Amino acid sequence: MESLKLLSNVFDALLATSLVLLAWRILVHQDLFRTVVLFIAFGLLMALAWVRLDAPDIALAEAAIGAGLSGALLLVALARLQRVTASTEKRTEMTTRFTAPVVIYLIGLTALLGLLLYVVALLPTEGMGLNQALAENLDKSGVSHPVTAVLLNFRAYDTFLELAVLLAAFLGAWSLTDIRHYPAEHIEPVLQVLSHTLFPIMLMVSVYLLWVGATHPGGAFQAGSVLAAAMVLFFLSGGKLRLDFHGKLARVLLIGGVTAFLIVSLVTMLIGNDLLQFPILHAAGFIFFLEFIGMISIAAVLSALFLGCRGNVGRSS
Amino acid sequence: MSSAILYALAGAGVFVLGCYGMVVCQHLLRKILAVNFMGSGVFLVLVAFARQSQEGVPDAVPHAMVITGIVVAVSATALALVLMLKLAEETGAASLKDSDKQ
């Protein structure tokens, strides 16, 4: 098994080096479109890195959100940017003038890099972590997967605030641009067939990820992002749904996550517990309720943000 | 266990590259990507040390923090993209003009 360990170490070294090199190439490459595509590739390499670091939940989230949804957001924003600035060529001037402040900044960055590498190499590796406390309390949390237990029971307050951040980002985007779906006139037939085939499968995968998150890697964020990706596919293939996010249903879906957490917080305080401290007997039910509404809210916010970046495909705004 | 340290070092490198891009790159889209790199670098360091500190199962609390961080990063990216598009509509280009440009 020694050769296998050597091979996996070589693979890790190659992956880590290619992450740094790809990040550098992304920042210095001239063509903006290729930069965005390379960024999607960077997201996929990060998902590989998470798998190698034994973090399958993060790998699922990175592949769906970091590579998939981020890439879709960047691509439609780039297309809209080129419509707005009326530039047909995709090149951008990458004139890095090495003036005195830039050189001083580079020297400072090199010092920072040296300091960070030194600190990272010398950090103690025999830390305790919170694994012991987690293992002792896992059976009281209502689920058997540690990451889900942390996200939705032990640190449910962080997830509450995260949903609030999502809502705040949506409100910020909505105050700047119109969030409306404009069905395009001509859709490629291959894209239509693909979306008709994939949409129900993606719905099923997202509900499965939500359900399996109690015992295996998965959960509300991964499920919500797959659902958002299904909605993005729906928008891109010219779905004829009249969606302008002004209706009551859309608003209810968008605020649903934060509202559900607010209601559960009030309930837990009214029955005498601390904030968001679920009663042990009903913890699984609380977690599933929050996860379900959270998944729908996350999907609504992310697909609304996609529409916000996309704008009107027909005209130049 | 020693392979996790490689990812931590790569995370530090990606973070510094993000710092470089955020300040030095002129186009706003590159600045947004650079800020994403800063986040990704920090996540790599967090998860690498979650892997290293335990013998069998990695520590799950940093994993939950990183999942939260990824979702927050994508929502911040979306808001930043909408801001960039608004700026481009107003000024005609997606870069911040210096006040002393000739």
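Against which helices of chain A do the buried residues of α10(A) pack? In this predicted model, they pack against α6 (146–154), α7 (156–176) and α11 (283–310) of chain A. Helix α10 itself spans residues 248–270 of chain A and bends by about 55° at G256(A), a residue that is also listed among the buried positions of the helix, together with A250(A), L254(A), G257(A), V258(A), A260(A), F261(A), V264(A), S265(A) and T268(A). After the helix comes G272(A), whose phi is positive, near 105°.

Within α10 of chain A, S265(A) has a relative accessible area of 4% and is therefore classed as buried, the cut-off being under 20%. When neighbours within four places in sequence are set aside, S265(A) is in contact with F160(A), L275(A) and L276(A). By contrast, A135(A), which lies 130 residues from S265(A) in sequence, is 25 Å from it in space, C-alpha to C-alpha.

Turning to the interface, chain B and chain A bury about 6,800 Å² between them, with 78% of this area on carbon and sulfur atoms. Of the area that chain B buries against chain A, 11% is supplied by Y7(B), R30(B) and I67(B), more than by any other three residues. The contact involves 84 residues from chain A and 70 from chain B. Between the two chains there are 2 salt bridges, including one between the side chains of E89(B) and R80(A), at 3.2 Å from N to O, and 10 residue pairs are in polar contact. On the side of chain B that touches chain A, the largest share, 22 residues, comes from α3(B), and the residues of that side divide into 48 nonpolar, 15 polar and 7 charged.

Key. Residues numbered from 1 in each chain as written. Chains lettered and ligands numbered in written order. Predicted model: local features only at pLDDT ≥ 70, side-chain atom pairs only at ≥ 80, totals over all residues. Heavy atoms only, no water. Bend = angle between axes of the 7 residues up to and from the residue. Helix = DSSP H or I, 4+ residues; strand = E, 2+ residues; numbered from the N terminus. Buried < 20%, exposed > 50% of the residue type's maximum accessible area, 1.4 Å probe, protein only. Contact = heavy atoms within 4.5 Å. Buried area = accessible area lost by both parts, 1.4 Å probe. Salt bridge = Lys/Arg side-chain N within 4 Å of Asp/Glu carboxyl O. Polar contact = N/O pair within 3.5 Å; in protein donor to acceptor, adjacent residues only side chain to side chain. Nonpolar A, V, L, I, M, F, W, Y, C, P; charged D, E, K, R; others polar.
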